[in-house]
Amino acid sequence: MKGILDFLVHDVLSQPAIIAGLMALLGLVLLKKPIREILTGTLKTIIGFLVLGVGADVVAESLNPLGTIIQKGFGVQGLIPNNEAIVGVAVKTLGQQTAIIMSLGFVFNLLFARFTPFKYIFLTGHHTFFMACLLSAVMMAANIEGVWAILSGSVLLGFLMVALPALAQPFVRQITGDDNLAIGHFGTIGYLSAGWVGKWLGNKQKSTEDLKLPQGLSFLRDTTVSTALTMVVIYVVVTLAAGPAVTAEVAKDQNGIMFAVMQGLLFAVGLYVILAGVRMMLAEIVPAFQGIAEKLVPEAKPALDCPVMFNFAPTAVILGFLASFLGGLIGLVILSLASLPIIIPGLVPHFFTGATAGVFGNAAGGRRGAFFGALTNGLLISFLPAFLLPILGDLGFENTTFGDTDFSVVGIILGYLIRLF
């Protein structure tokens, strides 16, 4: 039994591409499509997700050296939020409980979607695992273990998997223009904040995607070209500012400037691949969900990973990333002055959540909304992890912590509620 559970959790449910493919398969079977369409739709959904994942890995591979150069070149010391790193530490002691909470959480997700107004099926498997791990860690720190911890953690996880996409859906409808899909990513509080700030400070009539450029700069309308040029400039400037000694340590045998140029171009490649994967996956999974909606969960909507939003406002993606990172730098300075735990801006979380926050802010408030909304996200993922650390008990003494907003918000609220009652 334990072997089967380990296989389901670690080899099936931890793979968002497989989960999405199984959902597409189920939907197409329920629609009674021909075998060839079922096979094509299932495989294209899985391949689209895998292409998206490859693009995300390329972006992360491109950003990590830049983060190292910034940290070493400017002498920044502190904790770097990284979900994968903190979960890797936590599962050494919480692995079994986390696995059970994740598995039962998915069951409760389906039950909540079937019997409540929240018709969302959360398909981002790795984020489900991260949240299950956070819930385990918070309850362990509060000395809650066993059946009570598993049951309460599973129910809460299943509820979060429908409630958070439901909260974000009004903004998602503005972004996509319809109600066919949702966002299933535990950075939702940051995205909602970006939408609210964008609505308050911006003007949605002036979208980032409608920027007027002089005829001589018209080539910058191509998202891939503008992304490549922007990131190459950023990499080169940071590399020169950090100095040749630090750059040589990271670039190894490669010339420092060429290393910076290639990493900037690699970033643009990663983003291009992400957008291609999103297009391919959405073309298959959204129609397939009609079958699930008709037969199992009326009006069911797939809640997907945050890059699904990138296609709808590619310019806001880059603006959001830069604004979120700026928020992270501002947060670092304030945390230093306030003698709080120092949260070093991690470029990977600032890209994925900041870019998504930029898309949300743009939908609600145009260019200003994208900038100030993503800036707000950057501040949130700087301050919230600092306040989460005491809740995590022994895990709070590691050199990393959870990065995205929902982990911190849920952890802080749950931790203090447990202490209160």
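User: How many salt bridges are there?
Analyst: The count comes to two salt bridges. Keep in mind as we go that this is a predicted model.

User: Okay, which residue forms a salt bridge with Arg 173?
Analyst: That partner is Asp 179, and the closest N and O atoms of the pair are 3.2 Å apart.

User: And which residue does Lys 301 pair with?
Analyst: Lys 301 also forms a salt bridge with Asp 179, with 3.6 Å between the closest N and O atoms. Lys 301 sits in strand S4 (residues 301-304), while Asp 179 is in the loop between helix H6 (146-176) and strand S3 (182-183), so this pair ties together parts that are 122 residues apart in sequence.

User: What do the salt bridges that share partners do?
Analyst: They join Arg 173, Asp 179 and Lys 301 into one network.

User: Is Lys 301 buried or exposed?
Analyst: Lys 301 counts as buried because its relative accessibility is 10%, and the cut-off for buried is under 20%.

User: What about Asp 179 and Arg 173, how accessible are they?
Analyst: Asp 179 is partly exposed, with a relative accessible area of 31%. Arg 173 is partly exposed too, at 37%.

User: New topic: which residues gather in a patch of positive charge on the surface?
Analyst: The patch brings together Lys 206, Lys 212, Arg 367 and Arg 368.

User: Where is Arg 368 placed?
Analyst: You'll find Arg 368 in helix H12, which covers residues 347-388. Arg 368 has a relative accessible area of 43%, which means that Arg 368 is partly exposed.

User: Zooming out, how many helices and strands are in the chain?
Analyst: The protein chain has 13 helices and five strands.

User: How much of the chain is buried?
Analyst: Of its 421 residues, 54% count as buried.

User: What about the overall size?
Analyst: Taken along the principal axes, the C-alpha atoms fill a box of roughly 55 × 50 × 45 Å.

Notes:
Residues are numbered from 1 along each chain as its sequence is written. This is a predicted model: local features need pLDDT of at least 70, side-chain atom pairs count only at pLDDT 80 or more; totals for chains, interfaces and linings use all residues. Side-chain values use heavy atoms; hydrogens and water are left out. Patches are made of residues with over 30% relative accessible area and no salt bridge: like charges are joined within 9 Å, nonpolar side chains (Val, Leu, Ile, Met, Phe, Trp, Tyr) within 5 Å. Accessible areas come from the Shrake-Rupley method with a 1.4 Å probe; for residues, only the protein chains shown count as cover. A salt bridge is a side-chain nitrogen of Lys or Arg within 4 Å of a carboxyl oxygen of Asp or Glu. Lys and Arg count as positive and Asp and Glu as negative; His and the chain ends are not counted. The place of a charge is taken as NZ of Lys, CZ of Arg, CG of Asp or CD of Glu. Helices (H or I, at least four residues) and strands (E, at least two) are DSSP runs, numbered from the N terminus. Buried means under 20% relative accessible area, exposed over 50%, partly exposed in between (1.4 Å probe, protein chains only).
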